[in-house]
Amino acid sequence: MSRIKTIYIINHSHTDIGYTELQHQIRAWHIDFIKQALQIIKQDKTFVWNCEAFWAVEKFLQECGKPEREKFFKAVLNKNIGITAGYLNFNELIDESTLDNMIERAVSTSKKYGFEIDTAMTADINGVGWGFAQSMVKHGISNYFSCVHTHHGMWPVNRKQYPFKWIAPDGKELLVWNGEHYHFGNELGFAERAGSSYTIKDDCDAHSVYYDQWKLAETRIPRYLKMLEDEGYEFDFVPVMVSGLRTDNSPPSAEIPKMIKRWNKQHNDICILEMITLCDFFSRVRISDVSIPSYKGDWPDWWSDGFASDPDGVKIYRQAQRTFELYRILDTDSINNDIDIYDKLALYAEHTFSHSDSMSQPWSDPVKQISLIKRGYAVSAFEKACIQLRHKREELGETFLKFGRKPVFNLINPYSCDYKGEFRLFIGWFEWNELKLNNGAAVIEPITGDIIPSQMRYVPGGVEYCIYLLLNEKQELQLELVPHQNLPIRFVNSFYQRGTDGVSDISGQLKENFTTYIETDYFRISWDYDWGINSWFNKQDTQELITGEFGAFTPIYELTPVKDNRDINSVRGQMGRNRKGFNVERTIGKLKNAIIKSVGELWIEAELDYYCKGMEFYKVQIKLWKNVPEVDVKIVLHKESIWAPENLYIALPFTTGESEELWIDKAGCIMRPMIDQLPGTLIDFYTVQTGFRLQSRKHGLSIGMPDTPILQLGSLEFGERELCRPGMTTSPGYQFAWVMNNYWETNFNASLGGFYEFNYSIALNQLNSEDALKEMRRKMLGALTLRT
């Protein structure tokens with residue numbers, strides 16, 4: 001008999017919201033899977049079913065009657081059904097509040113029906129983020145089972161089928177079991193007519209794999225146990241996941257307990273097979289005398305890059321999160337109205353994005369339908385959050401559009417600290433003339449008559465008069481727009497050959513009038529044709545703030561060529577963890593023109609126009625504030641639609657000099673890449689909630705990334721990928737926003753074509769990293785400007 005005496009079989013259904021079928025059908029299936037499991041339990045008391053995602057349990061309880069609910073909870077109490085606190089398999093777009101809400105649902109529902117829940121699990125995804133551990137332990141969850149799918153990814157701590165104690169940011173521990181692929185039991189032959197050979201490559205022929213699972217089990221189980229023993233596996237039991245069918249979103253199977261009984265009768269000299277709940281499995285782990293190591297830090301998800309195949313969806317999702325967060329700051333007693341918003345935020349942050357055939361058949365109805373429904377979750381969350389915020393704004397005095405409405409605005413700082421930032425006073429085109437503001441306007445404080453420095457800009461639907469103010473904690477301030485003749489008198493330069501149409505297309509004029517820099521008392525930003533933005537000079541400290549081989553905000557476009565469209569999937573499948581092919585073609589954007597768009601009381605605005613393959617145009621719009629060391633940057637581009645694998649990066653080569661630390665904010669924590677993370681984990685890219693912070697002894701630089709949450713730190717070159725190990729540090733200036741990709745052979749959106757706008761911010765200050773990231777978050781949320 002093997003030293004490993006027991007294989008614990010954990011029967012579950014890997015939950016994808018979409019991917020194999022339309023989302024509404026997936027919901028109906030998973031409700032029915034629980035009903036099927038209850039029917040099997042009625043016939044066979046040895047059968048055990050594990051609900052991978054609490055989402056399925058929640059939907060079952062919502063739709064089923066009292067008799068079925070009672071049967072379900074009886075099965076839970078009898079340990080025939082296991083439930084976990086993991087709501088869905090999330091990517092790292094999810095924020096702390098939504099994650100907390102989802103876990104709290106599982107915990108509170110369990111308590112409501114008289115039992116405790118202490119275990120969570122995920123499958124497929126390649127990491128969950130350090131804040132996930134914090135949310136788990138905060139809600140009393142002490143166990144976590146992970147089934148990493150190493151396609152384009154890898155397990156942590158350099159080993160699978162291995163437990164470790166994960167130390168959360170607050171110091172509490174979460175016991176983690178880092179298991180095999182979630183269909184590994186199918187490869188060992190546990191499920192009749194559901195065999196597979198995905199991770200195991202051996203001499204078993206197709207007939208054994210697909211039609212003779214008994215022979216498959218007799219061959220592979222002893223081999224697997226021997227392999228574990230040879231590797232020094234210390235436990236006398238091992239867990240294995242299995243599905244009823246060889247597919248995601250799989251039903252339970254009554255054939256599994258039949259196979260187990262047959263095995264235990266004929267091969268108990270090799271090992272015993274036993275179905276078990278995850279909770280009971282962890283109880284066995286905890287009473288074992290095997291020493292379990294502890295690790296502390298972040299667990300970045302290799303698979304979170306999938307959302308970069310839907311840039312528009314991600315942008316409105318981030319806007320939904322920020323709108324919802326601002327609303328919750330204003331109204332802390334609104335939990336009952338928030339459930340639907342949380343639902344939509346959770347569904348968009350679920351780890352799948354399209355159909356399994358999204359890359360091979362991107363034109364098909366199922367692919368389009370799943371993708372649009374998926375994006376619809378983000379749109380719906382944004383709309384519902386806007387409605388909730390609008391109700392709160394009305395309570396605070398905002399008025400609807402009506403005839404004769406005066407341009408009076410109430411500014412409110414909703415935070416329990418000072419707020420310093422931009423406020424925007426919007427006026428529609430239809431009232432601009434009526435209010436006689438078209439010949440010039442001033443922002444005044446009605447009580448004192450003081451004029452507030454402002455600058456106007458054109459926006460869709462009208463104009464905005466922008467001001468930059470400091471409001472104290474919870475302070476309110478009323479302002480008014482009044483006509484004010486302040487337009488400068490301009491004449492046409494006698495030598496500048498530019499027509500009344502505003503076009504400069506006379507030979508020699510374009511380059512002759514090419515602008516090379518803009519500056520204030522704080523920064524001088526320079527550029528040239530070779531580098532684009534080649535200098536970002538801090539004038540206060542006489543220090544250069546960019547370094548490296550790329551100009552700031554330069555586009556870097558990659559295309560892996562596909563000679564034959566019949567290879568559109570296979571080329572992608574061979575990329576491994578590189579996210580590109582060995583023959584990748586890389587194009588660095590080339591600056592072709594630069595103009596000064598406006599010079600006003602508050603800022604100077606320049607626009608840089610680049611040529612870059614894969615895009616019809618790419619523009620960098622720089623808004624350099626005059627009175628504060630801050631810069632806002634807007635990227636506007638038109639992406640061509642290309643089926644071959646693509647990546648688009650934007651260079652963010654900023655640095656603060658010697659002894660620099662890089663910090664990022666993730667859901668529920670802040671961390672230092674390559675330092676505060678588990679060994680053996682991803683170091684190429686990270687999902688940020690707000691942006692990143694470069695901190696030196698004297699000051700720091702905050703770079704906001706509100707629309708494009710992936711920060712690339714690893715090499716762009718194809719080659720061997722490094723994993724996290726002690727002593728690693730980030731390279732100064734080697735940062736990129738990874739804004740879009742379509743490299744995966746399944747699940748991702750195939751086409752990235754379309755018009756896009758991505759925003760960034762740069763701020764220099766002397767705050768510590770934690771306070772600086774919080775301040776950057778507040779500025780992204782913004783304060784309130786109410787038309788009263």
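## Salt bridges, and what kind of model this is

A salt bridge here is a side-chain nitrogen of Lys or Arg within 4 Å of a carboxyl oxygen of Asp or Glu. The structure holds 52 of them. Keep in mind that this is a predicted model, where local features need pLDDT of at least 70 and side-chain atom pairs count only at pLDDT 80 or more, while totals for chains, interfaces and linings use all residues. Residues are numbered from 1 along each chain as its sequence is written, and side-chain values use heavy atoms, with hydrogens and water left out.

## Two links across the sequence

Let's start with Glu422 and Lys623, whose closest N and O atoms sit 3.2 Å apart in a salt bridge. Glu422 is in strand E12 (residues 419-428) and Lys623 is in strand E26 (residues 615-625), so this pair ties together parts 201 residues apart in sequence. (Helices, H or I, of at least four residues and strands, E, of at least two are DSSP runs numbered from the N terminus.) Both residues are buried; that means under 20% relative accessible area, with exposed being over 50% and partly exposed in between (1.4 Å probe, protein chains only).

Next up, Glu92 pairs with Lys666, with 2.8 Å between the closest N and O atoms. Glu92 lies in the loop between strand E3 (81-83) and helix H4 (96-112), and Lys666 in strand E29 (residues 661-666), so parts 574 residues apart in sequence get tied together. Glu92 is buried at 8% relative accessible area, and Lys666 is buried too, at 6%.

## A pair within one helix

Lys344 and Asp340 also form a salt bridge, at 3.0 Å between the closest N and O atoms. They are 4 residues apart in helix H12 (residues 335-348), which means about one helical turn separates them. Lys344 counts as buried at 18% relative accessibility, whereas Asp340, at 30%, is partly exposed.
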